[in-house]
Amino acid sequence: MENKKILGVIGGLGPLATAYFMELVIQMTDARVDQEHLPMIVYNMPMIPDRTAYILDNSKENPFPMMLEIGEELSRREVACIAIPCITAHYFMGGLQAGLNVPVINGVEETVAHLKANGIRKVGILATSGTIQSGIFHQELRRQGLEPIAPDEQAQKDVMHLIFNNVKAGKPVEMERFSAVEKNLRSKGAEAMILGCTELSLIKREKNIGPGFIDAMEVLAREALRTCGKPVKKEYDCLITK
């Protein structure tokens, strides 16, 4: 029987990252014709309140209710699973999964599992301050027996600058800041580094960032295809840059 599973996407967090996630899903699919690609229902809702500001208690606007509402609408549309191309939003994963009757793909868990399967033990984390403070990567890395490494204070400021003042603002990426963060994490023993924010995924798309990085959004896209029963191109067996 023809596979007619549909992927639901809670998007707009941010809009460019959602568009790139769709591109990744299409790019990764081992398809010969249009009809073999994965159907998607994408709700691009950039008005969802800022996740980092809420987690850091800089805003009282809780993004969860709107995310849950969109998830419920996707569920009514009978999607096979839901993906959220925003890693910071994974802070709300427990509540979303509890409130919805369809699976929500856990990009954090899948990213860590892929690192572990490839023999990585010490992992640097590039992510928003909200993600760092929430500890979602730290907790999952430790749960799976890996050691998390966070940037120093100045390096974390550089990460936030890259995300908000470069990518989200539509400005050129200051690669010297990216290199400084990499150097900081490698000096602390990181064998590989997670690009744990979808805006950082866009830097990887545009720049040659070198070996030892894993893009959590690529992991999310690949898992969406697998969950929906679509074949993935062989070149995406390993998602750690060489």
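In the predicted model, H90 touches I84, I105, N106, G107, V108, I136 and L220, residues up to four places away in sequence being left out, where contact means heavy atoms within 4.5 Å. The model is a prediction in which local features need pLDDT of at least 70 and side-chain atom pairs count only at pLDDT 80 or more, whereas totals for chains, interfaces and linings use all residues. Residues are numbered from 1 along each chain as its sequence is written, and side-chain values use heavy atoms, without hydrogens and water.

H90 lies in the loop between strand 3 (81–83) and helix 4 (93–99), with helices (H or I, at least four residues) and strands (E, at least two) taken as DSSP runs numbered from the N terminus. With a relative accessible area of 4%, H90 is buried (buried means under 20%, exposed over 50%, and partly exposed in between, for a 1.4 Å probe and protein chains only).

With a disulfide defined as a pair of cysteine sulfur atoms within 2.5 Å, the count comes to zero. C81 is accordingly in no disulfide, the nearest cysteine sulfur, that of C228, being 3.6 Å away. C81 is buried at 0% relative accessibility, while C238 is partly exposed at 26%.

Helix 8 (residues 153–167) and helix 10 (residues 198–206) pack at an angle of about 80°, their axes 9 Å apart; axes are lines fitted to C-alpha atoms over the stretch in contact, and angles run from 0 to 180 degrees between N-to-C directions. Helix 8 is therefore roughly perpendicular to helix 10, given that angles under 35 degrees count as roughly parallel, over 145 as roughly antiparallel, 65 to 115 as roughly perpendicular and the rest as oblique. In this contact, V159, L162, I163 and V167 of helix 8 meet E199, L200, L202 and I203 of helix 10.
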